[in-house]
Amino acid sequence: MIPEPRSGADDGGEPEDGRQTVLALREVSARLGARPVLHGVDVRVRRGEVVTLLGANGSGKSTAVRVAIGQVPVSGGGVELFGTPLRRFRDWARVGYVPQRTTAAGGVPATVSEVVASGRLSRAKLGFLRRADRAAIRAALDEVGMADRAKDPVEALSGGQHQRVLIARALASEPELLLMDEPMAGVDLESQQVLARTLAAQVERGTTVLLVLHELGPLEPLIDRAIVLRDGCVRHDGPPPRAVGQHALPGHDHVHPHSGAAEAVRSGLLG
Ligand SMILES: Nc1ncnc2c1ncn2[C@@H]1O[C@H](COP(=O)(O)OP(=O)(O)OP(=O)(O)O)[C@@H](O)[C@H]1O
């Protein structure tokens, strides 16, 4: 049996637990070119939550995140950030976005600190970086363990280091909502550990997080809720599928009765 998507307790007002809905995708449909990709997708992320979007390749995870920041227009439904409809939302310093990484650096002739500084411009007054801005940039570099590489060209970095820089760029504006598209993909073990620590520190600080993942991996302890997409529809919204991280070993066919998401795993929703 496929678990029903959890009904939104926060529809049209205060959620049951009183926490603000930071991001809402309400019955969102979206197309890429002529291709319908999302079909009535409901995603709610409340303040302080860490939510992951899971699903097979092509299920629409990246599109859902890109819809959330207006990079892909909706063809139906609506998006709200911090309670404001996306078309009226201007407060972009409150949102950090880490896109899916394609190639390292991609020929960008910039230093590490320049890339990270670009993430602070949304907070800089009249485009000038003040002392507080420079401190935030340094703190973001420190957080991902790249402070000693600040003056290096990003082209000189490994894939994992490059990813850390993109995350530092997103953190430089001290966002309240962090959107990350597959932050662990193609990242070496050391960088994965740094990223897991960075995310844990952000969560500790109360940052709200929505991240696309292929598997929970080292981030599993941080995840409050998982939303599983299949063919552009939400197929599960609830506890994360713990079975993936712990029991994806050959021969392990045990399904946890306490986790609705385990059913999603068993029925191949993630496959
Ligand atoms: N520019 C485009 N035009 C038409 N279809 C596209 C375009 N870009 C992506 N698609 C298709 O849209 C669907 C959803 O893509 P999306 O990147 O959102 O999926 P995803 O779940 O994030 O996949 P992945 O895990 O591979 O990143 C896929 O089938 C993809 O092939």
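The expected span of a helix is 1.5 Å times one less than its number of residues. Helices (H or I, at least four residues) and strands (E, at least two) are DSSP runs, numbered from the N terminus. Helix H4, residues 159-171, has 13 residues and reaches 18 Å from its first C-alpha to its last, close to the 18 Å expected at 1.5 Å a residue. This is a predicted model, in which local features need pLDDT of at least 70, side-chain atom pairs count only at pLDDT 80 or more, and totals for chains, interfaces and linings use all residues. Residues are numbered from 1 along each chain as its sequence is written.

**The chain overall**

- The secondary structure of the chain comes to 7 helices and 10 strands.
- The chain has 271 residues, and 41% of them count as buried (buried: 20 or more other C-beta atoms within 10 Å of the residue's own, with C-beta atoms placed from the backbone).
- Of the contacts between residues at least 6 apart in sequence, 70% join residues at least 24 apart (contact: C-beta atoms, placed from the backbone, within 7 Å).

- Strand E1 (residues 21-32) and E2 are antiparallel and pair over 8 bridges.
- Leu-32 stands opposite Arg-35 in E2.
- The hairpin of E1 and E2 has 2 residues between the strands, and in this hairpin Gly-33 takes a positive phi near 60°.
- Strand E4 (residues 74-81) runs antiparallel to E5, and 2 bridges join them.
- Glu-80 has Pro-85 in E5 as its bridge partner.

**Around the ligand**

- The residues that surround the ligand are Leu-32, Gly-33, Arg-35, Val-37, Gly-55, Asn-57, Gly-58, Ser-59, Gly-60, Lys-61, Ser-62 and Thr-63 (near: C-beta atom, placed from the backbone, within 6 Å).
- Strand E2 (35-46) and helix H1 (61-68) are the elements that give two or more residues to this shell.
- H1 gives the most, with 3 residues.
- By type, the shell divides into 2 nonpolar, 8 polar and 2 charged residues (Ala, Val, Leu, Ile, Met, Phe, Trp, Tyr, Cys and Pro count as nonpolar, Asp, Glu, Lys and Arg as charged, and the others, Gly among them, as polar).

**The sheet of 6 strands**

- Another open sheet has 6 strands in the order E6-E7-E8-E3-E9-E10, with mixed pairing.
- Its edge strands are E6 and E10 (233-238), each pairing on one side only.
- The twist of this sheet averages 15° from one strand to the next.
- E3 and E8 are parallel and pair over 4 bridges.
- Val-51 stands opposite Leu-210 in E8.
- H4 packs on this sheet, where it touches E6 and E7, and its direction makes about 165° with that of E6.
- E6 and E7 also pair in the parallel sense, over 4 bridges.
- Gly-96 stands opposite Leu-178 in E7.
- From E6, Val-95 and Tyr-97 point one way, whereas Gly-96 and Val-98 point the other way, and all are buried.

**Helix H4**

- H4 is mostly covered, with 12 of its 13 residues buried.
- Among these buried residues of H4 are Gly-160, Val-165, Leu-166, Ile-167 and Leu-171, and also Arg-164 and Arg-169.
- What covers the buried residues of H4 includes strands E6 (95-98) and E7 (177-181) and helices H2 (112-118), H3 (131-143) and H5 (189-204).

**Helix H5**

- H5 has 16 residues and reaches 22 Å from its first C-alpha to its last, close to the 22 Å expected at 1.5 Å a residue.
- Its buried residues are Ser-191, Val-194, Leu-195, Thr-198, Leu-199, Gln-202 and Val-203.
- The buried residues of H5 pack against E3 (50-55), H3, H4, E7 and E8 (208-212).
- After H5 comes Gly-206, with a positive phi near 100°.

Notes:
Contact = placed C-beta atoms within 7 Å. Pairing = 2+ DSSP bridges. Axes fitted to C-alpha atoms, helices over the stretch in contact; angles between N-to-C directions.
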